[in-house]
Amino acid sequence: MNLQQAKFEYLLRLGDSSLIIGHRLSEWCGHGPILEEDLAMINIALDFVGNTSELLKYAGQLEDKGRDEDELAYMRDEREFRNLLITEQPNGDFAFTIARQFLFDTYMFFLYEGLKASKDETIAAIAAKSHKEITYHLRHTSEWMYRLGDGTAESHDRLQSAVNDLWMFTAELFDMDEVDALLIKEGVAPDLNNIKTEWETRVNEVFAKATLQLPTTTFKQKGSREGKHTEHLGFLLAEMQYLHRAYPGAKW
Amino acid sequence: MEDAKKLEAFEAKINSGVKIEPKDWMPEAYRKQLVRMMSQHAHSEIVGMLPEGNWITRAPNLRRKAILLAKVQDEGGHGLYLYSAAETLGVDRTELLEQLHTGKAKYSSIFNYPTLTWADIGAIGWLVDGAAIMNQTALARGSYGPYSRAMVRICKEESFHNRQGYEIMMQLAQGTPEQKAMAQDALNRWWWPAVMMLGPSDDNSPNSEQLMRWKVKMESNDAIRERFIDRTVPQAEFIGLTVPDKDLKFDEETGHYTHGKINWDEFFDVIKGNGPCNAKRLKDRIDADKNGKWVREAAVAYAAKRVKEKEIA
């Protein structure tokens, strides 16, 4: 694997995660618990779509096979998707969505902070722009973690149960393979071991303030690096890609 | 006697073009009518998020997805803005939403039609937002300060949506035969509901004289409808689509189009609750409210705890 191929693979991981979690958030449109939150979720989804476009566009350029961001988003199949498993988990109730978003936002916050220093100028530029947005997202989801965790007994239980259910998907956030190894060596991507420490510290702080227990789940589900997803992704892609695929070559 | 003097001053103010502000004296009928209009408008914005939101997850490319997300977000923002404007007249949002959920308050009849294809997203921006702008630019000159200022801002964003919707239609009309058919089908389905959404014809629209004098209503429904049709027909022709009205004719003498007979039975039927999506739209809103109750309670409980902490500290 050369550097270009490693970057391509890495950009798919970042871009697909943004695409899929943005899709999930957008499913809330018109159904949020309060109008302000409805707007916040669509707004965050919009940031993710923008971020996806930039990442996949650059991925296509590096791959140099004539695929643009839409071709990559709409014409790949399930097994070719590299998004983290946590991002494709269905919304559940508002507590589940917030827990999923908080765990992912925290990861993205530290990861993109690291990527801002990437030796690849395009990646560094995308990361710098996105990091500003993620900072707001993380503040937003952290506040909801406090409100739900330390709100009523019902909200606390819902959030604790969401966190417990999601915990098995958190280990793969920090999985590294030869792609990471090469990119770390070349100064393109940060070492996820460092991100993990920062993530754990922050998650512990927020959980403590939100009066949540750290889950004791030992099972860890992984597989996104090889495109081994949960059963949910197929349905999500079927919905997302259907129109684009139903009219091959059409311009929209 | 006192009230008669106040009324005189109130009307003088309106006549000289000075806006009425929340703390100013106003006749109860004026306040009531404004609350009715503003809440109906706000409800339309948030119910309108549903038919458009229906296509966010299926938008045909990332650019269109981003534009649609931004548009729907704008609509929700308008709702928020209008609820706040209505609150300046002493009714709070919870109360207004309650009226929506019980069916006491209405929202625009147009959102009771389904978005069946992607072209419907174009048709809504082009026709529905296009018709709304005709109404709202007039309302921006209205006498109640908070509402007229809200309209100025909302119209700017709606103009943008209107162009984006037309651009979707143009792209489809210039696309493959299937895409063009999709665009024509959307125009066929949305044309009459858009023409009707501007309200009953003047001979069938009560309550107008006083409201016009008070600058709550600025123009008659038929006048606004005429402007909408005059503006939209050439746009359809330009992209090669046919307006589904065989009686539509341009009248050289008046410089306006004359249109075929409007099916007002359908309009009043949809208003009454018998449109294709009335039940679903209302259910979606009620469910969102119900499912969000525990979230709102948690937020209130959390805030109360923080206040208590401060008191102790």
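Visitor: Is B:V35 buried or exposed?
Guide: B:V35 counts as buried, because its relative accessibility is 11%; buried means under 20% relative accessible area, exposed over 50%, and partly exposed in between, with a 1.4 Å probe and protein chains only. This is a predicted model, in which local features need pLDDT of at least 70, side-chain atom pairs count only at pLDDT 80 or more, and totals for chains, interfaces and linings use all residues. Residues are numbered from 1 along each chain as its sequence is written, chains are lettered from A, and side-chain values use heavy atoms, without hydrogens and water.

Visitor: Where does B:V35 lie, and which residues does B:V35 touch?
Guide: B:V35 lies in helix α2 of chain B; helices are DSSP runs of H or I with at least four residues, numbered from the N terminus. Leaving aside residues up to four places away in sequence, B:V35 touches B:L89, B:V91 and B:L96, where contact means heavy atoms within 4.5 Å.

Visitor: How far apart are B:V35 and B:T88?
Guide: Their C-alpha atoms are 9.5 Å apart in space, while 53 residues separate B:V35 and B:T88 in sequence.

Visitor: Now the two chains. How many residues does each bring to the contact?
Guide: Chain A brings 48 residues and chain B brings 46.

Visitor: And how many salt bridges are there across that interface?
Guide: The rule finds three; a salt bridge is a side-chain nitrogen of Lys or Arg within 4 Å of a carboxyl oxygen of Asp or Glu. A salt bridge joins the side chains of B:R93 and A:E36, at 2.4 Å from N to O.

Visitor: Which helix gives the largest share of chain B's side?
Guide: That is α3(B), with 13 residues of the side that touches chain A.

Visitor: Changing topic: what about helix α10 of chain A?
Guide: Helix α10 of chain A covers residues 232-246. There is a kink of about 40° in α10(A), centred on A:M240; the bend at a residue is the angle between axes fitted to the seven residues ending there and the seven starting there. A:M240 is also one of the buried residues of α10(A), which include A:L236 and A:L243.

Visitor: What do those buried residues pack against?
Guide: The buried residues of α10(A) pack against α1, α3 and α4 of chain A, together with α3 of chain B.

Key: Helices (H or I, at least four residues) and strands (E, at least two) are DSSP runs, numbered from the N terminus. The expected span of a helix is 1.5 Å times one less than its number of residues.
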